[in-house]
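Keep the structure open as you read.

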Amino acid sequence: MSQEKGNKARSSLLPEHGPLDENGREILLSLKHVDITFGKGDDAVRAVQDASFDIYKGETFSLVGESGSGKTTVGRAVIRVNPLAAGEITYKGIRISGKIPRALDREVIRNIQMVFQDPAASLNERATVDYIISEGLYNFHLFENEADRVHKVEAMIEEVGLLPEHLTRYPHEFSGGQRQRIGIARAMVMEPELVVADEPISALDVSIRAQVLNLMKKFQKEKGITYLFIAHDLSVVRFISDRIGVIYKGRIVEVAEAEELFNYPLHPYTHSLISAIPIPDPELEKNKVLFTYDPSVHDYTEDKPEFVCIGHDHYVYGSKKEIARYKAIRDAGVPVKPITIRDPNAPVEGKAEEKRKQDENLAAAIREEELRIPPTHDTGSVWYKIFSFILPLLGLIAMAVFNHFHHFRNAKACKKGAIAGLIFLAAILVIFLLLIVLAVI
């Protein structure tokens, strides 16, 4: 079969175009109520919960949030590395999450490529640059003959700003920026439609970052590539993004167009991220008042929060009362001021009061973080289970003591051992009573 026929056979596994939304935009990728969990049972960690958003053909959709918020977890789920606990991911309207046919899996791999955060760790140090870039071509037979492969690789290495003589070298012979260019070339040579860029510039110098971003924009303009851009630096995200999604502790809290989000950061967490962007002027930066996000401001005890559109293609997560307030702010049309600059000539008392409030907010955030981090000796050792199994009543007392001091793993171990011990003693008692009954009979 010729290469042309082979390409047609592969492309037939996915439709040429994805479904259209109500505004006529083609939806390339869609996440619907996605949950991602690591571990099982009591040790399970829910890394992503109820994540939903669409990525349109030809756009750059950025996913931002602090470290550990679940950004990379979502990106790895898109390329089918992380399995879903619930929900689904569709590509051009076809479900690609979960178990799918092998032929479709290969087509998805070819169409969705990833650029990794660490350019050193993501490249095979024992392979030449020529093989690293050609590996995808070999795996999917995307060349007619050796001359065609060499031509494609040389053309791609030049497009990313390197030279053909670099192809015979190894990754350790390059700088960080050059390695990242090799990683981009490896992805782009596959001619993908969607590229998941997982913080591709965070490990690079500031001057090199601009070069890599311009290179990615160049490929998007020339080849119509769609990006899922994962980052934590909002100043960079504003430059490269068409739309932005904000994620906090695995939950999408706000999605909007880039300028819309920066002009109207409605969710308090988005507000705090934007307020943390450094100001180039040192005097202004010195007098800037940081906005600290406090999750306790939300009261979801009575009204269950939802992720809804408040108009202007702007989605926010909140209760009905919060959504009504966000909608009123947006409908007023007055941009929200996320950054406050303190008056350097303000009375000292005012500064002291302001600093006191900031310290209180910071202390509250630290206390919440400390509660999430288990104490040093909270190991849940198997010896606690054995002790509680032998002496169940003492084990239950120990469980109560551990709970009081927030040693939840130790408390759980005592609880399991005590329950098992009580069941064992009950079984022995039942057997003993049965033996007595049989002896009397």
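Gln113 stands opposite Val195, a residue of strand E7. This is a predicted model. The pairing belongs to strand E6, residues 112-115, which runs parallel to E7 over four bridges.

E7 has a partner in strand E8 as well, residues 226-231. Five bridges join E7 and E8, and they too run parallel. Here Val196 is the residue that faces Leu228 of E8. Between E7 and E8 the chain passes through helix H7, residues 206-223. This β-α-β crossover is right-handed.

How many residues of strand E7 are buried? Five of the five, across residues 194-198, so the strand is largely enclosed by the rest of the structure. The cut-off for buried is under 20% relative accessible area. Both faces of E7 are covered. Leu194, Val196 and Asp198 are buried on one side. Val195 and Ala197 are buried on the other.

Now turn to the nonpolar packing. In soluble globular proteins, nonpolar side chains tend to be buried together. The largest nonpolar core in this model holds 56 residues. Which of its residues touch the most other members? They are Val160, Ile184 and Phe219.

Look at Ile184 in detail. Leaving out residues up to four places away in sequence, Ile184 touches Val115, Val160, Val212, Leu215, Met216 and Phe219.

Methods. Residues numbered from 1 in each chain as written. Predicted model: local features only at pLDDT ≥ 70, side-chain atom pairs only at ≥ 80, totals over all residues. Heavy atoms only, no water. Core = buried A, V, L, I, M, F, W, Y, C linked by side-chain atoms within 4.5 Å. Buried < 20%, exposed > 50% of the residue type's maximum accessible area, 1.4 Å probe, protein only. Contact = heavy atoms within 4.5 Å. Helix = DSSP H or I, 4+ residues; strand = E, 2+ residues; numbered from the N terminus. Pairing = 2+ DSSP bridges. Right-handed = clockwise from strand over helix to strand, strands pointing away.
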